[in-house]
Amino acid sequence: MAGEMEFERPVIELRKKIAELKKFTEEKEIDLSDEIVKLETRLEKLENDVYGNLKPWDRVQIARHPNRPSSLDYIGHLFSDFIELHGDRYYGDDEAIVGGIAKYHGIPVTVIGHQRGKDTKENIRRNFGMPHPEGYRKALRLMKQAEKFNRPIITFIDTKGAYPGKAAEERGQSEAIAKNLFEMAGLTVPVISIVIGEGGSGGALGIGVGNHIHMLENSTYSVISPEGAASILWRNASQAKRAAESMRITAPDLKELGVIDEIIPEIKGGAHRDVVMQAKEIDKVIEKSLNELNNLDEEALVQNRYLKYKNIGKISFSDEYIGVN
C-alpha cells in the first residue's frame, strides 16, 4: 500500500480485517457485531500502543509521508481571501516557496511556506520543496512588504533543505539564506513559524527566524537529514535510523532543548489522516501566539526574537558519538 509505514502494519492489517467483516455482514446479512466490537476495542488499544510509543525514526517516516498535508493545504483551511504573490523582482518565481496575503480571523496577515508536490509531475515543478535563491528572495520581499503594512507573518516549514545544485549556487544560494536570517531577526512585526513536515538545515531557517517556533508532533527539525548525518558519522547512509535516534530532531526533544516553543498535537496516526482536524489544532496555536505577540511593540518584538535565539544553547552529547572515527 502506498504510504504504508513499517511500524504501523499491525494497525493497518487489523483495520482491513474490521472492514472485511463489516462488508461481509452487509452482503450476507449475518450479525457479526459482537466480533466487530471486540476487534474495534482491540484496534483502539493497538493504536494507542503504536502511536503512543513512536521512535524518532517512526516520526521521520510520518514527516515524510507522501500524503502529509502541505503548506497550501493548511493555508486553504486556516485563512480566507488568500492571494498568492509571485517572483523575487530579480530573477524569477520559485514554486518551491509559496506566499501571499490573506486574512486570519479577519486580520490581514502574510503567509509563506515551503511547498512540495502531491505527485511526480508537481514535485518536479516545485523542485521537491527545495527552494532556489529566488524563493528566499521572494519570501524576503513579502516579509518586508508585511513589515511596511504592519501585517503579522506566519510561515510553514517543510523542506529537506535548500536546493544544492550548481545553478542555485551561481545565483547566490548561501547569500540569499544569510540575508533572510539577518533581515528576519530585525523585523518589527510578529513572526510565527510552524514546522509541518521536515525542517532541514538552512533551507528551513531561511523562513524560520520567528518570535515563536512551533512543531507538529511528528515533524522533524535538524541541521542535516538522518541519512546525511549517517554518511558523515559512520560513512553509511543505511545507519539513518541510528542517526535519527542520536540527533534529537523530533518535537519532544527540541521542546526539551528549548529550540521550539510548543508542540502541536497530531491526529492519531499522523496529520495525513485528517487535514481538517489537524488544521484546527494548528489554528489554536496560531491564535494563542498572535494574542501574545500583538501585545508587544516593535522594539519589544525584536528584543523578544533576539533573546529567544540567544537563550538557545543547551548541548547534549550522546554516547553514540564516543569513539567515532
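Two strands pair if DSSP finds at least two bridges between them. Helices (H or I, at least four residues) and strands (E, at least two) are DSSP runs, numbered from the N terminus. You're looking at a predicted model, so to speak of local features we need pLDDT of at least 70, side-chain atom pairs count only at pLDDT 80 or more, and totals for chains, interfaces and linings use all residues. Residues are numbered from 1 along each chain as its sequence is written, and side-chain values use heavy atoms, with hydrogens and water left out.

**Exercise 1. Strand β2 and its partners**

Task: Work out which strands bridge to β2, and in which direction they run.

Solution: 
- Step 1. Start with β1 (residues 80-84): three bridges join it to β2, and the two run antiparallel.
- Step 2. Now go to β3 (residues 107-114). Eight bridges tie β2 to this strand, again antiparallel; G99, for instance, has I112 of β3 as its bridge partner.
- Step 3. Check the turn. The β2 and β3 hairpin has two residues between the strands, and H105 takes a positive phi near 50° there.
- Step 4. Finish with burial (buried means under 20% relative accessible area, exposed over 50%, partly exposed in between, using a 1.4 Å probe and protein chains only). In β2 (residues 97-104), six of the eight residues are buried, so the strand is largely enclosed by the rest of the structure.

**Exercise 2. A glycine in a helix**

Task: Is G135 buried or exposed, and what does G135 contact?

Solution: 
- Step 1. Locate G135 in helix α6 (residues 133-148).
- Step 2. Its relative accessibility is 0%, so G135 counts as buried.
- Step 3. Look for contacts (heavy atoms within 4.5 Å). Ignoring neighbours within four places in sequence, G135 touches D94 and I97.

**Exercise 3. α6 against α8**

Task: Describe how α6 packs on helix α8 (residues 173-185).

Solution: 
- Step 1. Two packed helices are described by the angle between their axes and the distance between the axes. Axes here are lines fitted to C-alpha atoms, for helices over the stretch in contact, and angles run from 0 to 180 degrees between N-to-C directions.
- Step 2. The α6 and α8 axes come within 8 Å and cross at roughly 20°. That makes α6 roughly parallel to α8 (angles under 35 degrees count as roughly parallel, over 145 as roughly antiparallel, 65 to 115 as roughly perpendicular and the rest as oblique).
- Step 3. Pick out the contact residues: α6 contributes Y136, L140 and M143, among others, and they meet a set in α8 including A176, I177 and M184.
- Step 4. By class, this contact of α6 with α8 has eight nonpolar, two polar and five charged residues. Ala, Val, Leu, Ile, Met, Phe, Trp, Tyr, Cys and Pro count as nonpolar, Asp, Glu, Lys and Arg as charged, and the others, Gly among them, as polar.

**Exercise 4. Strand β6, covered on both faces**

Task: Which residues of β6 lie on each side, and which strands does β6 bridge to?

Solution: 
- Step 1. In a regular strand the side chains alternate between the two faces of the sheet.
- Step 2. In β6, H212, H214 and L216 are on one side, I213 and M215 on the other, and all are buried.
- Step 3. Four bridges join β5 (residues 191-200) to β6, running parallel, with I192 opposite H212.
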